[in-house]
Amino acid sequence: MDKFIRAKSQHLKTAGINPFEIIPDDLSDQLELHFDVLDNGHELYQNLRTNIEWNQREIRMFGKTHLEPRLVAWYGDRAARYVYSGIENVPLSWTPDLIRIKSHVEKVAGTQFNSVLLNLYRDGNDSMGYHSDDEPELGREPVIASLSLGSDRKFNMKNKESGRLISMNLPNNSLLIMKGKFQEEWRHAVPKTKKIAGERINLTFRKIHHQ
Ligand SMILES: O=C(O)CCC(=O)C(=O)O
Ligand SMILES: [Fe+2]
């Protein structure tokens, strides 16, 4: 651990935030994992489960349409719109709960966000395939803060060049911060699992640059 990270984790500890250091050394400038992030994670989970406008999107693959294996929702500032497949996506307006979570996550991450993508994994059959969050509107070396609530799930990473695989567990109430060259060098996924998995909500806070 270099001096900066050590100093930073001391600072977070004094602020009552518990950084958890299981990140491989050579990824310490691309990933941070924090534990026990929200005081009222359980209550917020229930609120998000009922109040968020969850959608199951269709995806087209090899000329066939499928339902995505999870539910999603997109909230943010009006300016955080982006164009995807020629369609302009305007986010839903922030709810009071999302604003509270956002401001806490911004404190931990030390940066500001203008949108959040929420994913609801209903059980171990729901998943997210390998991808990088490297859309041009996120800019170079984006900081993305990913909050996990509910059941533990595995988070797999695969290096684009070497094929090296890393897997970590993302527990309830943890915050994974992806930054630096993480999106450029790695793909990540939440695989299906045969182990009994309950529901999980993940919120990835992002900063969309205006078009
Ligand atoms: O659910 C997760 O932990 C990952 C979500 C993710 O990678 C994304 O929304 O881009
Ligand atoms: Fe992602």
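Strands β3 and β4 form a hairpin with two residues between them. Phe-62 sits in the turn and has a positive phi of about 50°. This is a predicted model: local features need pLDDT of at least 70, side-chain atom pairs count only at pLDDT 80 or more, and totals for chains, interfaces and linings use all residues. Residues are numbered from 1 along each chain as its sequence is written, while chains are lettered from A and ligands numbered from 1 in the order in which they are written.

**Hairpin**
- β3 covers residues 58–61 and β4 covers residues 64–67.
- The two strands pair in the antiparallel sense over four bridges; pairing requires that DSSP finds at least two bridges between strands.
- Glu-58 lies opposite Leu-67 of β4.

**Whole chain**
- The protein chain has four helices and 15 strands. These are DSSP runs, numbered from the N terminus: helices are H or I with at least four residues, strands are E with at least two.
- Of its 211 residues, 27% count as buried. Buried means 20 or more other C-beta atoms within 10 Å of the residue's own, exposed means 12 or fewer, and partly exposed falls in between, with C-beta atoms placed from the backbone.
- Among contacts with a separation of 6 or more, 72% come from residues 24 or more positions apart. A contact needs C-beta atoms, placed from the backbone, within 7 Å.

**Annotated region**
- The UniProt annotation "domain: Fe2OG dioxygenase", from an unreviewed entry, covers residues 112–209. UniProt positions follow the numbering used here, feature names are shortened, and annotations may be inferred rather than shown by experiment.
- Over residues 112–209 the chain is 49% strand and 4% helix. The end C-alpha atoms of this stretch are 12 Å apart.

**Ligand 1 shell**
- Which residues surround ligand 1? They are Leu-117, Asn-119, Met-128, Asp-133, Ser-146, Ser-148, Phe-155, Leu-170, His-188, Val-190, Asn-202 and Thr-204.
- Two or more shell residues come from each of β8 (115–121), β10 (144–150), β14 (186–190) and β15 (200–206).
- A residue is near a molecule if its C-beta atom, placed from the backbone, lies within 6 Å of it.
- By class, the shell holds five nonpolar, six polar and one charged residue. Ala, Val, Leu, Ile, Met, Phe, Trp, Tyr, Cys and Pro count as nonpolar, Asp, Glu, Lys and Arg as charged, and the others, Gly among them, as polar.

**Strand β15 and its partners**
- β15 is largely enclosed by the rest of the structure, because six of its seven residues are buried.
- β8 pairs with β15 in the antiparallel sense over seven bridges. Tyr-121 stands opposite Arg-200 in β15.
- β10 also runs antiparallel to β15, joined by six bridges. Ser-146 has Thr-204 in β15 as its bridge partner.

**Nonpolar core**
- The largest nonpolar core has 32 residues. Such a core is a set of buried Ala, Val, Leu, Ile, Met, Phe, Trp, Tyr and Cys residues joined through C-beta atoms within 7 Å.
- Val-116, Ala-145, Leu-147, Leu-175, Leu-176, Ile-177 and Leu-203 touch the most other members.
- Beyond its neighbours within four places in sequence, Val-116 contacts Tyr-75, Gly-76, Leu-98, Lys-102, Leu-203, Thr-204 and Phe-205.

**Exposed positions**
- Pro-96 belongs to helix α3 (residues 96–109). Pro-96 counts as exposed because it has 9 C-beta neighbours inside 10 Å.
- His-210 lies in the segment after β15. With 10 other C-beta atoms within 10 Å, His-210 is exposed.
- The C-alpha atoms of His-210 and Arg-81 are separated by 7.8 Å, at 129 residues apart along the chain.

Key: Two residues are in contact if their C-beta atoms, placed from the backbone, lie within 7 Å.
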